[in-house]
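Please look over the chain and its ligand in the viewer. Then read on for a short tour.

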Amino acid sequence: MFAALTPQPADPLLALIGLFQSDPRPNKIDLGVGVYRDEAGHTPVLRAVKAAERVLWETQDTKSYVAPEGDRVFLDRLWQLVAGEGRFAVAGVQTPGGSGALRLAADLLKVSGVQRIWLGLPTWPNHNGIFNAAGLPIESYRLFDRDTQALLFDETMAALNRADAGDAVLLHACCHNPTGARLNAAQWGEIADVLARRGLVPLIDLAYQGLGEGIEADAAGLRRVIAAVPEALVAVSGSKSFGLYRERTGAIFAVGRSQAEADAARSNLVSLARASYSMPPDHGAAIVSTILGDATLKQQWSDELDEMRARLAGIRRALAEGLRDSWQPAAAIAGQDGLFSLLPLTEAQVLDLRERHGIYMPASGRINIAGLKTSQVADAVAAFAALRR
Ligand code: LMR
């Protein structure tokens, strides 16, 4: 049976982790998979997370199952972080990470009879993988031009105006992966209006809240959209915002026209999850709930996000400054958000950077800004600049 299987290629992003680890060069630079790193090149456990784990260690008195939808206290606190003061008919399900949330959302769209989902390209490659696996046809449009670093808003609006009523639309809430491109408030407003006018269903991927402009600002566009449309899905990841990558922390929220409809969506999400992984992991969710439920821990977490954002902004400025002589559009990197920017490199150039300079990134030319230490920016700039001469 297994002999008949075609071996599948490793996920290119995840494969980079192993390639980087086996490179013996001491000055190698990992700009691959999207995890935050500090100036020492380390992905630390946040201090607020450690403190919450201490609380859990002392107070948690069972490891019995959580409810099929997860812990409602966690879901309520997380939703408040996402939606702020807005009042919505909403129901959530705790999931294994943001990917788990996206997969449940895709399965729900499929069983709801949605015909296709629109993706602005480039996007996180696993969006394609998840929607394909769920059997949800993908329609795509151009969202970003990497040579000019321009967000293609007109093409985005044209695509949304072409979509059929009932189609789903994937949106990145903030810190666009892989481009870092940011929609301004007016553009979010226009997107919200066209979604509402044309009866499109947004699936909003919120994986980096707090790593762009700030905890509140990063959710502002999303809030504008869910206030405008009758139905929406919001997939939340705790991986980056709380540094809980391996704990697989996330949730999917269904916003409906009424609480009864949102609850109906939840019952379907729970049933889809039951037939897949049954029940969500809880440790990461318990940490997030503990942090969000305690004013001191929440402040500490917010301060840590400030530190991360400041470091990312500093690297972005240095990179934009350094690259501008050899590539004028690099100036845009300073104004982009989150972990990623997308460089206009060919696959051969990406390979050349890896082989000659020990600089690792996926073939798309996406770089993880947090992979650079301040002391490495000059070397990286020199290597990029040399490619363009
Ligand atoms: C990334 O894009 O690098 C991250 O979201 C990690 C992943 O799972 O791909």
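Predicted model: local features only at pLDDT ≥ 70, side-chain atom pairs only at ≥ 80, totals over all residues.

Residues are numbered from 1 along each chain as its sequence is written, and side-chain values use heavy atoms, with hydrogens and water left out.

## Two domains

The chain is divided into domain 1 (10–43 + 307–388) and domain 2 (65–293). These bounds come from an automatic or database domain assignment. The C-alpha centres of domain 1 and domain 2 lie 27 Å apart. The two domains also touch: 26 residues of domain 1 are in contact with 24 residues of domain 2. Contact means heavy atoms within 4.5 Å.

## The ligand site

Which residues surround the ligand? They are L13, V33, G34, W124, N177, Y208, K240 and R366. A residue is near a molecule if one of its heavy atoms lies within 4 Å of it.

At least three residues come from each of domain 1 and domain 2. By type, the shell divides into four nonpolar, two polar and two charged residues. Here Ala, Val, Leu, Ile, Met, Phe, Trp, Tyr, Cys and Pro count as nonpolar, Asp, Glu, Lys and Arg as charged, and the others, Gly among them, as polar.

Now look at the polar contacts. A polar contact is a pair of N or O atoms within 3.5 Å; within protein, one must be able to donate a hydrogen and the other to accept it, and residues adjacent in sequence count only if both atoms are side-chain atoms.

| Residue | Protein atom | Distance to a ligand oxygen atom |
|---|---|---|
| G34 | backbone N or O | 2.6 Å |
| K240 | side-chain N or O | 3.0 Å |
| R366 | side-chain N or O | 2.8 Å |

On its own, the ligand has 260 Å² of accessible area, and the protein covers 82% of that. Accessible areas come from the Shrake-Rupley method with a 1.4 Å probe; for residues, only the protein chains shown count as cover.

Most residues other than glycine have a negative phi, and most peptide bonds are trans. Some places in this chain are worth checking against that.

Start with the peptide bonds. A cis peptide bond joins L121 and P122, with omega about 0 degrees. P122 sits in the loop between β3 (117–121) and α5 (125–133). Helices (H or I, at least four residues) and strands (E, at least two) are DSSP runs, numbered from the N terminus. The bond from N177 to P178 is cis too, with omega near 20 degrees. N177 is also one of the residues around the ligand. P178 belongs to the loop between β7 (168–172) and α7.

Next, phi. C175 is not a glycine, yet its phi is positive, about 50 degrees. C175 is in the loop between β7 and α7. Is C175 buried or exposed? C175 is buried, because its relative accessible area is 3%. Buried means under 20% relative accessible area, exposed over 50%, and partly exposed in between (1.4 Å probe, protein chains only). S278 is not a glycine either, and has a positive phi of about 75 degrees. S278 lies in the loop between α9 (259–274) and α10 (283–292).

The contacts below leave out residues up to four places away in sequence.

L195 lies in helix α7 (residues 185–198). L195 counts as buried because its relative accessibility is 1%. L195 touches V169, L171, L200, P202, V225 and V229. A165 is 30 residues away along the chain, and the two C-alpha atoms are separated by 9.1 Å.

H127 is found in helix α5. H127 is buried, with a relative accessible area of 1%. Its contacts are L102, L119, L170, H172 and D205.

D107 lies in helix α4 (residues 97–111). At 15% relative accessibility, D107 counts as buried. D107 is in contact with A134 and L272. D107 and N268 are 161 residues apart along the chain, but their C-alpha atoms are separated by 9.4 Å.

A150 lies in strand β6 (residues 150–151). A150 is partly exposed, with a relative accessible area of 29%. A150 is in contact with L143, F144 and D145. The C-alpha atoms of A150 and I204, 54 residues apart along the chain, are separated by 21 Å.
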